[in-house]
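Please read the points below with the structure open beside you, and turn the view as each part is named.

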Amino acid sequence: MTAPSGTEDLAREAVVLAGAGAAILLQVSHPSVGAGVAQHSDFASDPLKRLRHTLQFVYAAVLPEAGAARERVAGWVGAAHAPVQGTDATGRSYSAADPQAQLWVTATLYWAAEQARWRIWGEWPAAVAGDSAEAAGEAEAAYRDYAVLGTLLGMPADLWPEDRAAFARYWDAAVVSLEVTDEAREICRELFAAAAAPWWLRRLMPLVRFVSAGMLPARVRSQLGLDWDGADSRREDALWGVLRAVYPRLPLRWRQLPARLVVRSLQA
């Protein structure tokens, strides 16, 4: 039941997928990213395709067994992002090549993974006498590893905040400054409606919506129009309480099954 000790271990954990919905909603809540998605993507009609492509990108970036596909996946991403530019509903220009947008997308992936990790295993292992530097080093090393996701998107490496404290300052300021647009709210509605998705995914969407809403910062959740109250908070606590008790006890091969399947698709 040992907690994952680094980015590679964490990336292989299926529970990280619980943060996928929140990461997507945070991404489209950035006006530039939201406009690009609204005008150049139909991912809400095929959320599984979006999730598969995101996982292929993440695994190719951080997992050694998928490293051979890294350049190929980076090429896919570059080709998909090349035409994503234009003007949003307010007349502001946007582009997938915007380094600040690339930073934000990378930040949401790191933040969502850490949210899932914290809900299952708590904070990074508390430092015991004599091991404080080592314990802090693990957390910082895992954080630094996420920069590769941004650089594969085209983000300049020095744009990634230098450490976790700097990231926290960046994150808090970025969340406060988000301007959730009508486009983002429409994407949110379409995502959870999953009208064109397989029937079994539509059945799961109420749970996906609930988990995603619970992870989101309250300000963003409210602006997206996702209702939430005290009863929801208690239900969320109960859900994660069950997962904390059960998930770490599952066989590792089950917990890592999604990662193995996606990596296999890259190796085919």
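1. A cavity, in the sense used here, is a set of grid points where a 1.4 Å probe fits but cannot get out, and its volume is the space filled by probe spheres set on those points. The structure shown is a predicted model, and in it a search of the whole structure finds 1 cavity of 30 Å³ or more. The volume of the largest cavity is about 30 Å³.

2. Which residues line the largest cavity? They are Gly6, Thr7, Leu10, Tyr110, Glu114, Trp124, Ala142 and Tyr146, and the elements that contribute two or more residues to this lining are α1 (7-12) and α6 (99-121). Sorted by class, the lining of the largest cavity has 5 nonpolar, 2 polar and 1 charged residues.

3. Turning to open space, the largest pocket holds about 1200 Å³. It is lined by 44 residues, and those closest to its centre are Gln27, Arg50, His53, Thr54 and His81. Two or more lining residues come from each of α2 (20-28), α3 (31-40), α4, α5 (70-81), β2 (93-95) and α6, while the largest share, 10 residues, belongs to α4. By class, the lining of this largest pocket consists of 28 nonpolar, 12 polar and 4 charged residues.

4. The second largest pocket has a volume of about 940 Å³, and among the 30 residues that line it, Leu17, Ala18, Ala20, Leu51 and Val208 are the closest to its centre. The elements giving two or more residues to this lining are α2, α4, α11, α13 (230-246) and α15. Which helix gives the largest share of the lining of the second largest pocket? That helix is α11, with 8 residues. The classes here are 25 nonpolar, 4 polar and 1 charged.

5. The axes of α4 (residues 47-62) and α15 (residues 257-267) come within 10 Å and cross at roughly 85°. Angles of 65 to 115 degrees count as roughly perpendicular, so α4 is roughly perpendicular to α15. On the α4 side the contact is made by Leu55, Gln56, Tyr59 and Ala60, and on the α15 side by Pro258, Ala259, Val262, Val263, Ser265 and Leu266. Of the residues in this contact of α4 with α15, 8 are nonpolar, 2 are polar and none is charged.

6. How do their axes cross, and at what angle? The axes of α11 and α13 come within 11 Å and cross at roughly 105°, which makes α11 roughly perpendicular to α13. The contact joins Leu207, Phe210, Val211, Gly214 and Met215 of α11 to Asp232, Arg235, Glu236, Leu239 and Trp240 of α13. The residues of the contact of α11 with α13 divide into 6 nonpolar, 1 polar and 3 charged.

7. Helix α11 (residues 199-215) also packs against α10 (residues 182-193), at an angle of about 135° and with the axes 8 Å apart, and that angle makes α10 oblique to α11. From α10 the contact takes Leu191, Phe192 and Ala193, and from α11 it takes Arg202, Met205, Val208, Arg209 and Ser212; Val208 was named above as one of the residues closest to the centre of the second largest pocket. In the contact of α10 with α11 there are 5 nonpolar, 1 polar and 2 charged residues.

8. The last point concerns aromatic rings, for which the count comes to 13 pairs. In one of them, the rings of tyrosine 143 and tryptophan 160 have their centres 5.1 Å apart and their planes at 15°, so the pair is stacked, given that planes under 30 degrees apart count as stacked. This pair links distant parts of the chain, with tyrosine 143 in helix α7 (residues 132-145) and tryptophan 160 in the loop between α8 (147-153) and α9 (164-177), 17 residues apart.

How values were computed
Residues are numbered from 1 along each chain as its sequence is written. This is a predicted model: local features need pLDDT of at least 70, side-chain atom pairs count only at pLDDT 80 or more; totals for chains, interfaces and linings use all residues. Side-chain values use heavy atoms; hydrogens and water are left out. Axes are lines fitted to C-alpha atoms, for helices over the stretch in contact, and angles run from 0 to 180 degrees between N-to-C directions. Helices (H or I, at least four residues) and strands (E, at least two) are DSSP runs, numbered from the N terminus. Angles under 35 degrees count as roughly parallel, over 145 as roughly antiparallel, 65 to 115 as roughly perpendicular and the rest as oblique. Contact means heavy atoms within 4.5 Å. Ala, Val, Leu, Ile, Met, Phe, Trp, Tyr, Cys and Pro count as nonpolar, Asp, Glu, Lys and Arg as charged, and the others, Gly among them, as polar. On a 1 Å grid over the protein atoms alone, a cavity is a set of points where a 1.4 Å probe fits but cannot get out, and a pocket is an open set with protein on both sides within 12 Å along at least five of seven lines; lining residues have an atom within 4 Å of a point. Rings of Phe, Tyr and Trp (its six-membered ring) pair if their centres lie within 6.5 Å; planes under 30 degrees apart count as stacked, over 60 as edge-to-face and the rest as tilted.
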